[in-house]
Every structure is written in C-alpha cells, then in structure tokens.
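User: Please take a close look at a single part of this model and describe it in one connected answer.

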There are 2 protein chains.
Amino acid sequence: MTEAYVLHEYSQSGNCYKIRLTAALLGIALERRGYDILKGETRTPEFLANVNANGRIPVLQIVDRSLPESNAACFYLADGSSMVPEDRFDRADMLRWMFFEQYSHEPNVATLRFWLTFVGEAALSEAQRGQIEAKRAAGAAALELMDEHLAANAFFVGDRLTLADIALYAYTHVADGGGFDLGAYPAVQAWLTRVAATPGYVAMDA
Amino acid sequence: MTEAYVLHEYSQSGNCYKIRLTAALLGIALERRGYDILKGETRTPEFLANVNANGRIPVLQIVDRSLPESNAACFYLADGSSMVPEDRFDRADMLRWMFFEQYSHEPNVATLRFWLTFVGEAALSEAQRGQIEAKRAAGAAALELMDEHLAANAFFVGDRLTLADIALYAYTHVADGGGFDLGAYPAVQAWLTRVAATPGYVAMDA
C-alpha cells in the first residue's frame, strides 16, 4: 500500500525525527525515504528539482505536494489536534518556542552535534572551528532558558504536550553528541523523561 | 489611552518592523517602546526579568503577557485574518516560508546588514569576520530561491499576501545594507513593489 505521506529524511537528523515523532503520536503512517546527507544526496539535480530546491531534508511529501521545514511539516500533521492549542495566545506561544528552536537552539545544539559526532572535529574547516566556542555558549544559553521555563512548567505551553515540546525534544535529548552536559539542566532532564513517557512515543532510532 | 498591545523594539530591526507592518495592515494600534540594542539595553537585569529572558527584541506585550519571536507575534496578530490562509496545506506552507526566513535568510541577510551597516566591519571580531563569506553565499542562495519561486508566483503562498510575505519582506527590502545586490533578483524586486503597494502599508522608517 502506498502511504499518503512520504518523509524524505536522514534518520539521525533531529529535524526529521520531529516529524516521525509527531506522526507516531497522532497515529499517522509515513513512508520513509532516506538520503545520506554526508554523501550530498540532497544536493543532486534530481533532489533539487523534485523534492526541495533548498537542498535540505526533511521534506514531507503530501500526495504530490512537498512541504520543507521540519516545524511546518509537524504543524501540518498536527493542525486540528490537541498538539496545537486552540487558544489564540497559546497557539502563538507554541510557535514562539518553535521559532526559538530553529533560531537559538538548532544552529548551536544540533550543529555542534553534527560537526563533532558526524563530520568529526578533524574534518571541520577553519571557519567552522572558529565558531565552536560561540555555538557552545549560545547552545548553553538556550538550554538554560529552557531549564528556567521547565522549572516552573511541566511542558512549554499550557499543561500538555504540544509541538513546542516535540520541536525542542528532538535535538535536546541527543545534545551530549554536541558536547553539552544535560546534567546541568535538571528541569530539562525531568521534561525529557515526561516527553518519552507520552503514549505512542517512538525513539529516534526506531 | 493605553493600547492593549505594546511592542518592545529597536526601530531599525526588520524583525520588529514585521510586527509593525502586520499591525498596520490589520488596522491594529501598537504602543512602541524602544531599546538601543547597540547599547545593550535588552540585556539589562530589568529587561531580562520583565520583558524577555532571552534578551532579544522584538517582544509583543499583550496586556500582561509577553510574546517573543517576531514571526510568532505576527501570527498572533493575524490569526483569523486573511493573512493566515484557511487552507490547511497553505497555512503550513506559510509557516514553511517563515521558518525558512528565520533559518536560512535572517541569519545571513539580516546579520550581514547588522554587522556591516550598524556595527561596522572594523568593529567585528575575528570569528565574525571569518563568517562573512559563508553568510554572503548563504544569503545569496536564499534570495535566489525566493527569486525562483516569485518568478512563477505573485506571492509566497496562494494568490494573496500572507505573513510569509511580511516575514521575508522585512530584511529583503533592506538587503543592500548587507552588501546584497537586489538587481540580481528581478522577480524579488517586482514582489517588493507589490508588497509595498498593499493598502495600509507602512515603511520601516515610519
């Protein structure tokens, strides 16, 4: 059987995992199609023409239409469900954390994991090496902000799991791969445990 | 009279301008409160405690609640209006372009403008100078992707102006301040003219 949804992905990417986790929690089936980003498989002329002109994964294909950007794909899948709040402020506040994730968290926490665990420090360019210290500080600041919020709140928005939690969970739970010590953020650790206990949860390696 | 909405901002920031432009197009009044980011006025203990623990502007204050992240604030203001599509795919596709803006456009196009026009090249750190070339290439790639899309479409999503256009307009129309030549992107230029012709439009300096 052909699924209505095809996820173009790299399985170890947290951005791709967000979409799989959202779909799993909603009981939605996805066909998975893998690309090795380390071999440039998302920069081929065919990928650029047919999947994403931006040369990035994930892309959620919905029948014959393509939706790049992980958080937009999660929004599409969860729109109308309890994972997108009905309240106007809460809905915008959820997006606030999702934009925070893409601007202040992912470029630091995820990029350091990619550089240090997947590419390897020895293979980094001079310019990349020059950014490690700033990304380490900015990533720690993002985790600290999350920890402060989660010390007083069970989830990022309201009293239940929303896409804000999914978006921030994806790279936070593997932040040690970027050299971040999650032991310094106890409220984040307790929240990671809460998210993983959600019925329907799937692990990144599943 | 006290407005229900207070915008904590730096007037020359495109991220702050997005919110003013969205409000103007919707006929919503905002009280503006300015901070000089070059003097660190958004990193004071008072700002961090009362406005945004992330130390960034803009923040949209809605009565007594604060909403950071420019695109989330625009979403709050426009939610339920024609600037947020009713169609499920189009709504997610609008968010796709807004996440693209924050991930692939703003950190390159806006950051180079800030560094070169506001901070000044001589005052940049070694690490910042080492990133100019990569940001120049990534910013040009973002503008090129926009140009390809706009060569075939009047607006980013559907056939009317949405928040995707507002988000991308803010820093694109002043991209020359970061050393980008908009003459290379004719479809982007035609779209800038279309956006500026929208009834209710206000300029960044207004």
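How many residues line the second largest pocket, and which of them lie nearest its centre?

Analyst: This is a predicted model, in which local features need pLDDT of at least 70, side-chain atom pairs count only at pLDDT 80 or more, and totals for chains, interfaces and linings use all residues. Residues are numbered from 1 along each chain as its sequence is written, chains are lettered from A and ligands numbered from 1 in the order in which they are written, and side-chain values use heavy atoms, with hydrogens and water left out.

The second largest pocket has 18 lining residues, and those nearest its centre are Arg96(A), Trp97(A), His149(A), Val51(B) and Ser66(B). A pocket here is an open set of points on a 1 Å grid over the protein atoms alone, where a 1.4 Å probe fits, with protein on both sides within 12 Å along at least five of seven lines; lining residues have an atom within 4 Å of a point. The space in this pocket comes to about 390 Å³, a volume being the space filled by probe spheres set on the points, which are joined across faces, edges and corners.

Two or more lining residues come from each of α4 (88–119) and α6 (132–152) of chain A and from each of α2 (45–50) and β4 (65–68) of chain B. Helices (H or I, at least four residues) and strands (E, at least two) are DSSP runs, numbered from the N terminus. The most is given by α4(A), with 4 residues. By class, the lining has 8 nonpolar, 5 polar and 5 charged residues; Ala, Val, Leu, Ile, Met, Phe, Trp, Tyr, Cys and Pro count as nonpolar, Asp, Glu, Lys and Arg as charged, and the others, Gly among them, as polar.

Most residues other than glycine have a negative phi, and most peptide bonds are trans. Ile57(B) and Pro58(B) are joined by a cis peptide bond, with omega about 5°, and Pro58(B) sits in the loop between α2 and β3 (59–62) of chain B. Glu69(B), not a glycine, has a positive phi of about 75°. The loop between β4 and α3 (70–78) of chain B holds Glu69(B), which counts as buried at 11% relative accessibility; buried means under 20% relative accessible area, exposed over 50%, and partly exposed in between (1.4 Å probe, protein chains only).
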